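Open the model in your viewer and follow along. Each stop names what to select and what is there.

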Amino acid sequence: MESALNAAILPDASGRLAGRPLEEWNGAYAKVENYFHALRIRNKVLLGDLVLRVLERAQRRAPAEPDRSATQIAAEEMERIVTEWFSEVLQSPPTKADNSLSTRGRLALLLADMPGRWQEQFLRPGPWPEEFTSAMREAFLRAGPDFQISKMAPRPLDLGPITTLTNLGRFPYFRMALIWVLFALMLIVVFILTH
Amino acid sequence: MPEKPPQVQVTSVPRVQRGWRLFVFYSSALLLTGVVSLLFADLLWRTGWSASRTVLLVLFVILFLLAAVGCMHGVYGFFLRTFGDRCRITNLKNYLGQNIDGISTAVVFPIYNEDSVRVYEGLRATYESLVKTGHLDRFDFFILSDSTDPDKWIEEERRWFDLIRELDALGKIYYRRRLDNESRKSGNIRDFLSAWGRRYRYFMVCDADSIMRGETLVSLVKLMEVHPTTGLIQTVPAIVNAESLFGRTQQFANRLYAPVFIAGLNYWALDLGNYWGHNAIIRTEPFMQFCDLPQLPGQKPFGGQILSHDFVEAALMSRENWEVWFAYDLEGSYEETPQAMIENAQRERRWCQGNLQHSLVLFAKGLRGVSRLHLILGIFGYLAGPLWLAFLLTFNFIYAYQKHTGLSDITVQAFTPYLSALSGTAHALLIFLICMVVIMLPKFLALIDLANDWPRRREFGGLARATTSVVAETVFSTLHAPLLMLWHTRFVVTNILGISVGWATQKRSAEGTTWLFALQRHWGHTLIGLVWGALMWQFEPALFWWFTPVLAGMVLSIPLSVLTSRRRLGARARSAGLFLTPEEIKLPDELLSLRSNMKIHELTDDATPSRAHAGLAEVVLDPYVNAIHVSLLREKQLNPVYAEQFTKFGAGSDRVQKLGEKLLAEGPEKLSASERMLVMSDQRVLVWLHQQAWQRPGETLTPWWRAAILEYSRRD
């Protein structure tokens, strides 16, 4: 088993690894490393170890999928490993219909403060510390308490005769006519003041 | 032995007392106006009556009445503070020992594209202060976002999460953003009440810049509990945290004059007080039942949605016989003020629009007379500007007309016999002096009030410094008043004509308003001042000198605007002992907490400007921000109202999936703003985008995505 694995991850005589140039695996490495970095895995040893674990799985899969790039395979493997691990830790089977497990898992990592307290547990096979698993499983984000739906209904204001006046505004050119009337009134006032 | 709760003197307010107080208060203002108007009419009579003088007299009567009402607030407030005011809500019943176990109160912060750092730090300060009271379990906090900027939306969510984690407040501080910000702030509150209102007996509305002391929150709940017929209690927020010279003058004026004015206001308003939209506690049930605002008939600017909702909500509450009080002696309620004249004018413009709309609400049947008075005072707060301008122009016209026609300006005998001894000039001077006294008296009384209160005197840096500050503030407000007059005139006219006046966002340097921006905003004021001044000088140099305070404000508007916005000058005035306020002399704990946390942000937050569509990049690429955002969207869909809105908005449709594809393949620039918002509102597509952005080979993504991924992979 050990020797078979080593054979798979060592470059061949032409410098290719699992049927692909080393440069391609370098790109795949960067892709996986970037994502784990985004998950705030800051310990470099741990980060390197996790990336290699993903690449090992990708390299085992690669010979069977010669048309796909190493980056694509590695990214898929990364997603699969992470989702499987979430499924185990959260004791929740993954569903094909949506990716709710992935979201829930990431949220749980944040709420359990994985980046701050539990980096070494990330992607590690169980058993995990009780505190860690309970923090992960109980993680739930609420935007508000339970809804207590009710409906507010505005009560109309009775403005009396003013309502009729406000409706005048609906007539076309009413505003323009009003401005002209005001202007004419102003002229009359000016006339009265000056005579 | 348990500590005995402090006792307060208990007094009841007989209903008849308010009617008497109203009569006395407004009679005083009317009497004063009547006497001085008679003097003015006599002066006009002496110089020869004309139609234009009738116009001048009418304008004078209106303006003087407004000044007299203001003056009476100061006078009555001063006497009440000196001799004691029993009719305060805090004095009517012993509330301090009231048990509030099991009483639930929501503290809500409606926000709209605000600086989330400041909003959340204000909330943190309030929350931490409440923790110290031991009553935290009776309160829940809600950030009610109406933000339309996607970057702000994501930042609000991220910072909310940081806040609840730091305060261990998961399940105590909630965040909710509306999909559709219909009816603005009042709609935001209604949306909150429709979803959760029935869970809370009371809710407390805070503005984005509000800070409340925990003890004050608890006191407000206790007050509501002991006054079961009270629907709303409005605190009088103290202006704090001002740093610029302008901000500090406003802050000083608020802290020194407001207690006297509000005591005067409370004298006649009593249980028919007003609501200013924030820093107030509201009884949920009657508010939900009676205060949902209808659309006004007709078209804008008067018809449609009620913009300044607060006054109307208080009026509706009062209409249904729920009491509305000012708790003006409760400390620990704070807000901030604009730091520059232009920012202040921008705020005035919004308020002007809302207050003018109240002229329609005035006619609503069933409103209490006192509520109508509040509305009228609000409206005239803005109409006073154009009326004053009309008064000055009419006066100038009369003068110019007299000069032009060569009519005699020799005065005749006054019709009031004992005034005939005065020359025309002395008569005019007497009226001018009376006007000045009426305007300045409240300030003087506020100083006397301060002099009578030794501990408070120290809180303003001593009487000498406070007096110097009052003089300096008066000089500044004299120069500022003509600018407000021109601004208000413009706002009123454009609002009535239904013209939307676009205002560019304030261009501020680290120090304040830039010279260029001030020039853009004030060139008209300067020009009016110069032309007006030149014309007056030409007509009559003696008259010109009388008008210098008005003209100086206009001509000097640009330097005045720039210099008063300077923090440096604000700090210098502070070290000179000018405009000191109690919160500057001794910073309360909640403000200290706010200030130190803001300083930490200033020192630690990344100051580099974020890339375009940073919020979109963050919500797609950051695994945690994506998870928070998607979880909030999922939870929101549990509410059938929101679920319906999501469907109406188009979230969950195939179109959004296609937009998601386009976003990845072509970048965010190729999507319209509404399309980007739609993508960000679809939880299914966002999860897919997160997966795809990290899985797809770089060469299949646009340079924008590649750069964003690179940025995330280098982020510490």
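Select B:T126 and look for its contacts (heavy atoms within 4.5 Å). Beyond neighbours within four places in sequence, B:T126 meets B:F109, B:F141, B:I211, B:M212 and B:L217. B:T126 sits in helix 4 (residues 116-133) of chain B; helices are DSSP runs of H or I with at least four residues, strands are runs of E with at least two, and both are numbered from the N terminus. B:T126 is buried because its relative accessibility is 0%; buried means under 20% relative accessible area, with a 1.4 Å probe and protein chains only.

A note on the source: this is a predicted model, where local features need pLDDT of at least 70, side-chain atom pairs count only at pLDDT 80 or more, and totals for chains, interfaces and linings use all residues. Residues are numbered from 1 along each chain as written, chains are lettered from A and ligands numbered from 1 in written order, and side-chain values use heavy atoms, without hydrogens and water.

Next, select B:I173. Leaving out residues up to four places away in sequence, B:I173 touches B:F141, B:W160 and B:L163, among others.

The largest core has 182 residues; A:F36, A:F122, B:W160 and B:I173 touch the most other members. Helix 4 (residues 70-90) of chain A gives the largest share of this core, 10 residues. Another core, of 71 residues, lies apart from it and includes B:A41 and B:L447.

Finally, zoom out to chain B. Count 28 helices and 10 strands there. Of the 716 residues of chain B, 58% count as buried. The C-alpha trace of chain B spans about 95 × 70 × 55 Å along its principal axes.

Methods
Buried < 20%, exposed > 50% of the residue type's maximum accessible area, 1.4 Å probe, protein only. Core = buried A, V, L, I, M, F, W, Y, C linked by side-chain atoms within 4.5 Å.
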